[in-house]
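Student: Could we go through this model together, one question at a time?
Tutor: Gladly, let's have a look.

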Amino acid sequence: MNKQILATSLAALTIAASQAATAARDHISIVGSSTVYPFTTTVAERFSRATQFKTPVVESTGTGGGMKLFCQGVGESTADITGASRRIKQSELDMCQENGVDVVEVQVGYDGIVMANAKSKETFELSRKDIFLALAKEVPNPDGSETLVENPYKTWKEVNPALPNVKIEVLGPPPTSGTRDAFAELAMEGGCKKFDWIAAKKSEDKNAYKAICHTVREDGAYIEAGENDNLIVNKLVANPNALGIFGFSFLDQNADKVHGSIIEGHKPTFDSIADQSYPVSRPLFIYVKKAHASVIPGMKQFLAEFTSERAWGEDGYLADKGMIPLPTAKRQQVAKNVREMNALSNLAQK
């Protein structure tokens, strides 16, 4: 009986807090990924021009920072939507649920993660193994023994004789970034597991395996350049010997300044990311606070715009911005889920 009373009280508090949001706020508040940010702002601008609702306020906080803000609870002082350049982590979902936040997951498209350099220099042709050896904190001993050593490589040519004899200098996002998380998983781990004896550690000790494959060196070869991908592009122009890590959309928008490295024979292009032949690609998401959907003015209409064919379709305006559309059947499934406001209960749910 006590548990039932507690559950009823919590539900009432959640409803009261969400309804209070309407009294104090007349616009949608969006935080999260710097990669998703340009797509969200584009939808926000179109939405405000086509409706009587105020333009949503969109902040680029990084995926991890956005999740912290989003999961704080419900009410007018908390964000309604957060963008993410990776799927929500179980720990983040747990935090949301502990704070009374029912989360609706919306996969909006795909993006590729590129390693780009200034157009004044030749295009790099890399493997994921090259990327791991260049950027990991510890790497297999060059003497061939199955041991790890502090990364000794100073130039790309030392990593692979076929690569240029230039200093390893990579500008990339900080640990709070979803791009950093996805890059570690898709690129670095993709190269790390090419070493069979390291790959074997995954079944023995998953945490140790992840530490080897995902930990970035801290000796200056990798430079944290913040959440602003446009800033990284500008720094590459100023330093033509450096490489930068960011989403495909920023490469697409700055094709006159930088070009993307070829990774395992595949250029980062709209088509290669769409058919997943480009090996470093990932899904993009927005996460919606269910309790706010019916009380914040314009929330349902904004979500309908984001999941409309004119926005995220194959010929939609988000594709023009560099986002890779989901397959038609997947878009229909996601749009239906959004209309029904089905909350995500666990990460096994698709």
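The questions below turn to strand pairing and then to pockets in this predicted model.

Student: Which residue of β2 is the bridge partner of isoleucine 30?
Tutor: Let's start from strand β1, residues 29–32, where Ile30 and Gly32 point one way and Ser29 and Val31 the other, and all are buried. Strand β2, residues 57–58, runs parallel to β1 and is joined to it by 2 bridges. In β2, the partner of isoleucine 30 is valine 58.

Student: What stands opposite valine 31 in β3?
Tutor: Here we move to strand β3, residues 81–84, which runs parallel to β1. The two strands are joined by 3 bridges. Opposite valine 31 stands threonine 82.

Student: Which handedness has the β-α-β unit of β1, α2 and β2?
Tutor: The helix in this unit is α2, residues 37–50. Together with β1 and β2, the helix makes a unit that is right-handed.

Student: Which element gives the largest share of the lining of the largest pocket?
Tutor: This pocket holds about 1,200 Å³ of space. Of its 41 lining residues, the closest to the centre are Arg86, Arg87, Ile88, Lys89 and Glu185. Elements giving two or more residues include β4 (103–118), α7 (178–192) and α18 (328–340). The largest share, 7 residues, comes from α7.

Student: And how many charged residues are in the lining of the second largest pocket?
Tutor: The second largest pocket has about 180 Å³ of space, and among its lining residues are Asp252 and Lys267. Its lining divides into 5 nonpolar and 3 polar residues, and the charged ones number 2.

Methods:
Residues numbered from 1 in each chain as written. Predicted model: local features only at pLDDT ≥ 70, side-chain atom pairs only at ≥ 80, totals over all residues. Heavy atoms only, no water. Buried < 20%, exposed > 50% of the residue type's maximum accessible area, 1.4 Å probe, protein only. Helix = DSSP H or I, 4+ residues; strand = E, 2+ residues; numbered from the N terminus. Pairing = 2+ DSSP bridges. Right-handed = clockwise from strand over helix to strand, strands pointing away. 1 Å grid on protein atoms, 1.4 Å probe; cavity = no way out; pocket = protein on both sides within 12 Å on 5 of 7 lines; lining within 4 Å. Points joined across faces, edges and corners; volume = space filled by probe spheres on them. Nonpolar A, V, L, I, M, F, W, Y, C, P; charged D, E, K, R; others polar.
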